[in-house]
Amino acid sequence: MEAALAEELGEIAQLSTTMKVHNQVPGGVHCSGDLIDSYRINLHSRIASRVLMRMAVTGYQNENDIYDLVLAQEWENWFTYDHTIRVDVTAVKSPLKSLEFTTLKIKDAICDRFRDQFDKRPSVDTKEPDMRIVGFLDARQFIIYLDTSGEALFKRGWREETGDAPLRENLAAGLLRVAGWKPGMPLFDPMCGSGTILCEAAQMVQGIPPGARRRFAFEAFNDFDPAPWNEMKNSIKANPLPASPTIFGSDISGDMVAMTRHNLKCAGIMFEVPLKQIEAQEVKAPTEQPGILLTNPPYGERIGVRGDSTMPEDELASSFYSALSTTLKQRFAGWTVFLFTADLGLPKLLRLKESRKTPFFNGALECRLFRFDMVAGFNRREAAKPKEV
């Protein structure tokens, strides 16, 4: 989702005179600015997982080089020994033998810094720490970050109920952006589960920032000034509520439909999002105007028609996708259909040729967002006829 995130950060940067977006790297996007710009990204980014502030970078030979760099940082400027901490390390092609030992060295350096100055040290809390410190290693460089977000940003603060395998909120937002959906366009999710895609889209329609209902780690920083933060939140203007529905959902499970309705309410949605209990292969286009159908059909490790993705295709799956394909062709002419799945053979099951496929990862699961352009049947037949000269 790096390209989608870079595009979103560019939009957020337009709200600032100091923020600049730099290069995309695997798993993230570099940007720079004032500390208040980190508040702005945390509040407004639907796609980022965390906003990490780079403290220092160095080349390294061994764990002692890492310890020395971390020890030299003025952690006491950012938090106190009364705060709890957690250290996480990720690595790509690092020659170091043990990430656990490297993590321990980083923690020791922070604690030793406080012990040297105050004769007290912060405690470690791996579950709900006040401060998260993140180390990143590649083959030659080590970077140490302080996390400004706290809980991962996909935790918006509204979700109370989930189905068996809910999409993360930031992944749903990334899918909406890559699909090209914008508020005002018809959107339909016929396998909505607990409603993550619908909730993200509805908040965008209403103008509710994703971070409006939660707290962040930067609020616990030393010298945190709440005035600009409160001003930023208070300056948010809600959009006018739509006069008629543009977002629609359905699911085979009545419990899921009820859960989606509850989650929409918790997400602060004040307008109608029509929901139906119906099988996906029985649905009809909810509007005369074509729009975007975006859904995450059952697959792989998810409970549903497919079962285990390592198993041979079963008759139930084949018949389901055959019926779904017929529905899409007959009832969604002119619509753009996006299916997000870990089943890379899905186009074959649907007997449809995708016009685009975008790789994603859902946790460790490699997935694709397949795009299918539903051409009206008449137009497709006309296009197949030989041209008169």
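Analyst: Welcome! Let's begin with a term: strands are DSSP runs of E with at least two residues, numbered from the N terminus. The model we are looking at is predicted.

User: What makes S12 and S13 a pair of strands?

Analyst: Pairing takes at least two bridges found by DSSP. Strand S12 (residues 356-362) is joined to S13 by 7 bridges, so the two strands meet that cut-off. They run antiparallel, and Asn 362 stands opposite Leu 365 in S13. S12 and S13 form a hairpin with 2 residues between them. In the turn, Gly 363 has a positive phi of about 65 degrees.

User: How do you know that S11 pairs with S13?

Analyst: The same test works here. Strand S11 (residues 336-341) and strand S13 (residues 365-373) share 6 bridges in the antiparallel sense; the cut-off is at least two, so they pair. As one example, Leu 339 has Phe 370 in S13 as its bridge partner.

User: Why is Cys 111 called buried?

Analyst: Buried means under 20% relative accessible area. Cys 111 has 2% relative accessibility, so it counts as buried.

User: And why is Cys 31 called partly exposed?

Analyst: Cys 31 has a relative accessible area of 31%.

User: How many disulfides does the structure hold?

Analyst: It holds 0 disulfides. A disulfide would need a pair of cysteine sulfur atoms within 2.5 Å.

User: What is the average pLDDT of the protein?

Analyst: The average is 91, and 91% of the residues score at least 70. Over residues 300-308, though, the pLDDT is below 50.

Terms used. Residues numbered from 1 in each chain as written. Predicted model: local features only at pLDDT ≥ 70, side-chain atom pairs only at ≥ 80, totals over all residues. Heavy atoms only, no water. pLDDT = per-residue confidence, 0-100. Contact = heavy atoms within 4.5 Å. Buried < 20%, exposed > 50% of the residue type's maximum accessible area, 1.4 Å probe, protein only. Helix = DSSP H or I, 4+ residues; strand = E, 2+ residues; numbered from the N terminus.
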